[in-house]
Each structure stands twice: as C-alpha cells, then as structure tokens.
Amino acid sequence: MGLFRKLVLVFTLVPLVEFILIYLMAKIISLPLTVIIILVTGFIGAWLSKTQGLRALISYQKALSEGRLPHREVIDGVLILLAGALLLTPGLLTDALGFALLVPSFREKTRKLASARIKSKISQVKSDLKKPTAGPGANEVINIESEVIDDK
C-alpha cells in the first residue's frame with residue numbers, strides 16, 4: 001500500500017473512530033464531563049511532554065558532551081514530540097497512545113522497533129546503491145571534461 005493511501009486512511013479513519021468514541025463516552029457519562037476529560041488529558045499531556053522532552057534534551061546534550069552519537073536520545077525526542085501531538089489532539093484513542101509513549105518502558109520498546117526499521121531501511125538503500133543498473137553500459141564509467149573559469 002502506498003504512502004498516500006496510508007495517510008488517507010490515517011486522516012479519515014482515526015478522526016472517525018475518535019468521533020464515535022467521544023460520542024459514546026458523552027452518551028454514557030455526559031457531554032460536559034467528556035469535554036472536561038478531554039481538556040484535562042490535553043493539559044496533563046502537554047505538561048508531561050514538556051518535562052520528558054526537557055529530559056530528552058538534557059540526555060542528548062550529555063551524549064554529545066561525552067562524544068557519543070545521540071541516536072537513542074534523538075528517537076526518544078521524536079517519540080515524546082509525537083506523544084505530545086497525540087495528547088493535544090482531542091480523542092480517546094490518540095490520548096491512550098500518547099500517554100503510552102510517555103511511559104519509559106513502552107517508549108523503549110517503540111524505540112527499539114523504530115531503530116530496527118531504520119536500520120533495515122538503511123541496509124536496503126545501501127544494497128540498492130551497490131546494484132548495477134540493468135542494460136547495456138551498466139558498469140561503464142563516464143568521463144566528463146570540464147574547465148573552471150575565474151570571473152575575477
């Protein structure tokens with residue numbers, strides 16, 4: 001499935017499911033209480049994202065000062081940013097996923113999955129770059145003569 005189709009599904013199905021869940025929740029516990037819950041989770045989520053984001057930034061700076069590549073810290077930062085965006089989006093499903101990403105153990109598992117996916121993509125690109133293109137002259141070297149002209 002192409003990226004466009006995936007995005008269409010995400011941007012149509014997720015809001016639809018969120019709307020249905022909010023509607024059902026409002027029917028069960030009342031609309032004002034539902035709105036209050038959505039607002040409170042948004043504020044709590046923003047605060048948690050800010051505090052954990054600052055911790056991730058400090059870890060990033062520490063890794064750099066120690067001379068280490070901060071790949072773990074960068075992925076953590078991206079996941080925390082994603083969690084904040086999900087928590088600021090009104091809805092129950094997005095809030096649940098956002099809060100889950102703020103739990104360090106869940107984020108660690110997600111980071112490992114993301115790292116493995118990134119590594120496989122990098123390996124795939126490396127192997128694609130090594131493959132010669134098919135057809136006549138695939139391994140042929142092309143020399144282009146050029147001349148540098150100084151306009152001074």
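Ala, Val, Leu, Ile, Met, Phe, Trp, Tyr, Cys and Pro count as nonpolar, Asp, Glu, Lys and Arg as charged, and the others, Gly among them, as polar. The model is predicted: local features need pLDDT of at least 70, side-chain atom pairs count only at pLDDT 80 or more, and totals for chains, interfaces and linings use all residues. Residues are numbered from 1 along each chain as its sequence is written, and side-chain values use heavy atoms, with hydrogens and water left out.

View A. A pocket is an open set of points on a 1 Å grid over the protein atoms alone, where a 1.4 Å probe fits, with protein on both sides within 12 Å along at least five of seven lines; lining residues have an atom within 4 Å of a point. A volume is the space filled by probe spheres set on the points, which are joined across faces, edges and corners. The lining consists of Gln52, Arg55, Ala56, Ser59, Arg72, Glu73, Asp76, Ile80, Pro104, Arg107, Glu108 and Arg111. By class these are 7 charged, 3 nonpolar and 2 polar residues. At least two lining residues come from each of H2, H3 and helix H5 (104-130); helices are DSSP runs (H or I, at least four residues), numbered from the N terminus.

**View B. Lining of the largest pocket.** The volume of the largest pocket is about 290 Å³. Val10, Leu79, Leu82, Leu86, Leu97, Leu101 and Thr110 line it, a set with 6 nonpolar, 1 polar and no charged residues. Helix H3 (71-88) and helix H4 (92-102) each supply at least two of the lining residues, and H3 gives the most, with 3. Leaving out residues up to four places away in sequence, Leu79 touches Leu101, Arg107, Thr110 and Arg111 (heavy atoms within 4.5 Å).

**View C. The largest nonpolar core.** This core has 9 residues: Ala56, Ile75, Leu79, Ile80, Ala83, Leu86, Leu87, Leu101 and Leu102. H3 and H4 are the elements that give it two or more residues, and H3 gives the most, with 6. A nonpolar core is a set of buried Ala, Val, Leu, Ile, Met, Phe, Trp, Tyr and Cys residues joined through side-chain atoms within 4.5 Å.

View D. Thr41 lies in helix H2 (residues 31-65). Its relative accessible area is 16%, so Thr41 is buried (under 20%, with a 1.4 Å probe and protein chains only). Beyond its neighbours within four places in sequence, Thr41 is in contact with Leu87, Asp95 and Phe99. The side chains of Thr41 and Asp95 make a polar contact (2.7 Å); such a contact is a pair of N or O atoms within 3.5 Å, where one must be able to donate a hydrogen and the other to accept it, and residues adjacent in sequence count only if both atoms are side-chain atoms.

Methods. Buried means under 20% relative accessible area, exposed over 50%, partly exposed in between (1.4 Å probe, protein chains only).
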